Amino acid sequence: MSGFKLEKYAGRIARLVAKKKEQTLAKYRRFGKADEDDYGYVLPPEEFMRTFRFPVLDENGSFHGVSAWAKNYRALLEAHPVYVDPDDALAGRWMFMMSRMRAGYQLSLAPFPVDYSFLHHDQELYDLTHGIGKDAHFAPDYRIGLSLGWGGLTRKVERSLEAHKFDPEAAELLNAELEALAGIRNWIHRTAMAAEGELRRINLRLENDPPETLREACQWIAWFNMASRTYNRDGAGGQLDEILRPYYERDIAAGRIDDEDAVYYIACLLLNDPHYYQIGGPDPNGKDQTSRISFLILEAAHALKTPCNLTIRVHDRMDEKLFRRGVEILLEDNLGYPRFSGDNALIEGFMRNGYSIELARERIALGCNWMSIPGREYTLNDTVKINLMKVFEVAFNEIADSGKFSLGALHKCYQKHLARAAFCIAEGLDFHLAHQYRNEPELLLNLLCYGPIEKGRDASHGGVDFYNMCCDGAGLAVVADSFAALQTQVVERKRIAWKECVEAVRSDFRNENGEQIRRLLASSPRFGHGGTCADEWAVTLTHDFAEAFPNGRRTPEGHLIIPGLFSWADTLRFGKTVGATPNGRRAGEPSSHGANPCPGFRKDGAATAVAKAVASVQCGYGNTSPLQLELDASFVNCADPVGRLMALFRTHFKLGGTLINVNIVDAKTLRAAQKEPEKFPDLIVRVTGFTSYFIMLSPEFRDFVVKRIIEEEQYA
């Protein structure tokens with residue numbers, strides 16, 4: 001596929017991409033920073049924002065509850081401005097995140113309708129990201145909607161409502177689903193009427209009927225994505241090649257399209273919104289799913305060169321040509337995609353929770369770091385985190401105050417507080433599952449899940465088959481390096497006394513001899529170097545975290561908790577709550593990134609070292625601990641860069657790795673963009689699990705990303 005040429009649609013795609021960049025700059029100028037995914041939304045008319053009002057609001061200007069969400073959502077969609085671009089194969093763009101339009105959202109003041117102040121003390125003590133009241137972060141199964149269409153979904157809800165009309169919870173939910181569906185169909189109809197020709201015909205048909213062609217399937221998925229983004233920012237995707245393959249094969253067999261048509265349609269879908277899509281990987285029976293359209297999806301992303309979140313599933317029986325083409329595009333475009341998941345470790349890990357291999361193969365990466373079985377599993381992924389640095393700080397201060405200094409005592413104290421933090425997380429997850437449906441029902445994701453409509457129960461409240469609640473640890477490398485520094489400089493070499501070390505750390509290394517002590521501690525062995533006490537501590541601390549949760553990693557109500565290591569874009573926020581640490585880090589400095597070693601962990605830039613290090617700290621239960629790899633752009637000039645990178649990825653996955661994110665960046669360009677970002681509107685970086693235009697990041701986060709990438713630049 002490396003010789004694929006997109007000719008008849010090249011002009012259209014170029015104009016669409018140019019408009020995307022203009023829209024991104026407009027968002028930057030109106031809103032400034034956006035330290036998160038690049039979204040496909042466009043700005044609404046300013047007049048709309050001045051005049052639109054939700055019909056149902058609480059006294060404080062916010063809203064919660066099933067009926068309020070449904071009525072407000074329908075009102076928003078029925079007033080939603082229409083968007084049609086004659087260069088686009090698909091109609092529509094979304095313009096709002098309703099969940100962010102509630103009063104108090106920006107200050108995190110949108111109230112949860114049930115009090116959980118009994119958890120506040122420990123949540124604040126350990127800087128826990130508890131997840132209570134958070135939404136989405138699990139996956140729909142597009143096949144449900146593609147088979148039924150919006151009209152079929154409406155009739156399905158109506159039948160269930162008749163069956164559950166004497167069940168108050170079900171009746172309220174299902175009536176709300178009908179409100180949501182009415183709003184979506186109104187939006188589609190009005191947009192269709194603003195279009196012309198084939199685009200109008202397609203969308204008028206899709207207002208009610210299921211799609212029949214590849215273009216119609218892409219348009220239907222785009223409508224669901226836009227509708228769900230508008231509702232609560234849901235960003236999940238799915239196994240896109242298998243979802244689209246039947247439509248593509250029928251169209252090709254009927255002579256309706258050629259491959260260039262298919263790439264154009266798929267490119268328009270990817271441009272509409274950069275959801276998380278998978279290609280390749282095994283089906284439930286272990287057969288590789290790679291097909292012709294898997295390659296066409298890659299080529300569509302390659303043609304766009306805009307932020308994208310494609311993941312190639314790497315496994316033993318995969319099509320090596322797909323793997324190679326993905327790496328070629330990664331190296332050629334330098335845009336941070338595709339990324340690569342390690343199916344073997346993920347499947348084996350999920351099976352350790354008692355699930356079958358068939359179910360484990362269905363569980364795919366659908367967000368920055370998170371996994372889910374589409375349509376069947378509620379997970380609350382990437383919204384629940386323990387700041388391991390904060391746990392360490394609490395333990396360190398307790399030991400310091402006691403005056404009973406020893407490395408063993410500190411580790412036991414750390415384990416004690418980690419268990420307490422984990423129990424608080426577990427209680428919070430139970431609380432969320434008991435009450436979230438009263439706060440914010442999952443009206444959109446419910447439609448494409450197995451169970452919520454049939455049972456009349458929200459996905460957060462018993463509607464789906466599986467409840468596997470995920471929790472990530474953040475700051476592992478800082479804690480491992482801190483234990484290693486204490487072991488090396490205080491215990492073994494005795495170059496610093498315990499009391500002297502404590503005083504220096506508590507003064508942020510600003511007391512007498514503080515800077516000298518900081519430099520000495522920072523010169524200690526560091527996680528990632530290989531074969532050091534810091535590497536041993538990292539493995540030990542990973543085990544501590546994975547096993548810290550109560551009752552065999554279950555909440556008090558019996559819900560499974562699946563641990564992983566990931567910090568998302570919260571590295572800055574986590575660091576701000578923690579004082580200086582014994583690895584030489586000053587107060588308020590960022591957390592280490594995910595499962596990666598701290599930047600500058602070794603000076604030779606060995607990519608193999610960081611790949612081995614991150615593979616050694618996998619929690620092992622089917623959640624990911626991603627490898628963030630930063631490669632200098634000159635790497636492409638080495639002998640066989642594609643083969644070398646494929647070998648590195650294979651090595652990481654054979655050692656137990658689960659997910660790889662890669663940046664290939666020129667340091668000179670990055671530094672220049674840091675100073676004058678508006679001169680580099682095309683620069684895209686993989687921030688963490690997501691890619692984004694560099695200009696859209698806040699100045700503080702730009703500085704952090706630049707420092708991280710440049711300090712971690714490696715050669716495979």
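This is a short talk through one predicted model, going from the whole chain down to a few single residues.

Okay, so, overall picture to begin with. We have a chain of 716 residues, and for that length a compact globule would have a radius of gyration near 27 Å; the chain comes out at 25 Å, which agrees. If you put a box around the C-alpha atoms along the principal axes, you get roughly 80 × 65 × 50 Å. Buried residues make up 65% of the chain. And on contacts: if you take those with a separation of 6 or more, 76% are between residues 24 or more positions apart. In secondary structure, there are 28 helices and 14 strands.

Now the sheet. Six strands make an open sheet, and the order is S1-S2-S3-S4-S12-S11, with mixed pairing. Which strands sit at the edges? Those are S1, at 238–239, and S11, at 627–632, each pairing on one side only.

Let me go inside that sheet, to S2 and S3. S2 is residues 276–280, S3 is residues 309–314, and the two run parallel with five bridges joining them. If you want landmarks on screen, Gln-278 stands opposite Thr-311, and Gly-280 has Arg-313 as its bridge partner.

So how enclosed is S3? Six of its six residues are buried, so the strand is largely enclosed by the rest of the structure. As a reminder, in a regular strand the side chains alternate between the two faces of the sheet. In S3 one side has Asn-309, Thr-311 and Arg-313, the other has Leu-310, Ile-312 and Val-314, and with all of these buried, both faces are covered.

Next up, helix H9. This one is residues 240–254, and its 15 residues should span 21 Å at 1.5 Å a residue; the end C-alpha atoms are 22 Å apart, which agrees. There is a bend, though, of about 35° at Pro-246. Just past the helix, Gly-255 has a positive phi, about 75°.

Which residues of H9 are buried? That would be Leu-240, Asp-241, Ile-243, Leu-244, Tyr-247, Tyr-248 and Asp-251. And what lies over them? The cover includes helices H5 (142–163), H8 (214–232), H10 (259–272) and H11 (292–304), plus strands S1 and S2.

One loop residue I'd like you to look at is Glu-36. You'll find Glu-36 between helix H1 (10–31) and helix H2 (46–51). Buried or exposed? Glu-36 has a relative accessible area of 13%, so it is buried, the cut-off being under 20%. Setting aside neighbours within four places in sequence, Glu-36 is in contact with Arg-100, Arg-233, Trp-568, Phe-690 and Ser-692. For a sense of scale, Phe-545 is 509 residues away along the chain, and its C-alpha atom is 26 Å from that of Glu-36.

Most residues other than glycine have a negative phi, and most peptide bonds are trans.

First stop, the peptide bond between Tyr-337 and Pro-338: cis, with omega about 0°. Pro-338 is in the loop between helix H12 (320–333) and strand S4 (339–342).

Next, Ala-136, which has a positive phi near 55°. Ala-136 is in the loop between helix H4 (120–125) and H5, and is buried, with a relative accessible area of 2%. H5, remember, is among the elements covering the buried residues of H9.

And then Asp-640, with a positive phi near 50°. That residue lies in the loop between S11 and helix H26 (641–654). Asp-640 is partly exposed, at 47% relative accessible area.

That's my tour, and I'm happy to go back to any of it.

Notes:
Residues are numbered from 1 along each chain as its sequence is written. This is a predicted model: local features need pLDDT of at least 70, side-chain atom pairs count only at pLDDT 80 or more; totals for chains, interfaces and linings use all residues. Side-chain values use heavy atoms; hydrogens and water are left out. Two strands pair if DSSP finds at least two bridges between them. Helices (H or I, at least four residues) and strands (E, at least two) are DSSP runs, numbered from the N terminus. The expected span of a helix is 1.5 Å times one less than its number of residues. The bend at a residue is the angle between axes fitted to the seven residues ending there and the seven starting there. Buried means under 20% relative accessible area, exposed over 50%, partly exposed in between (1.4 Å probe, protein chains only). Contact means heavy atoms within 4.5 Å. The radius of gyration is taken over C-alpha atoms; the globule rule is 2.2 Å times the number of residues to the power 0.38.
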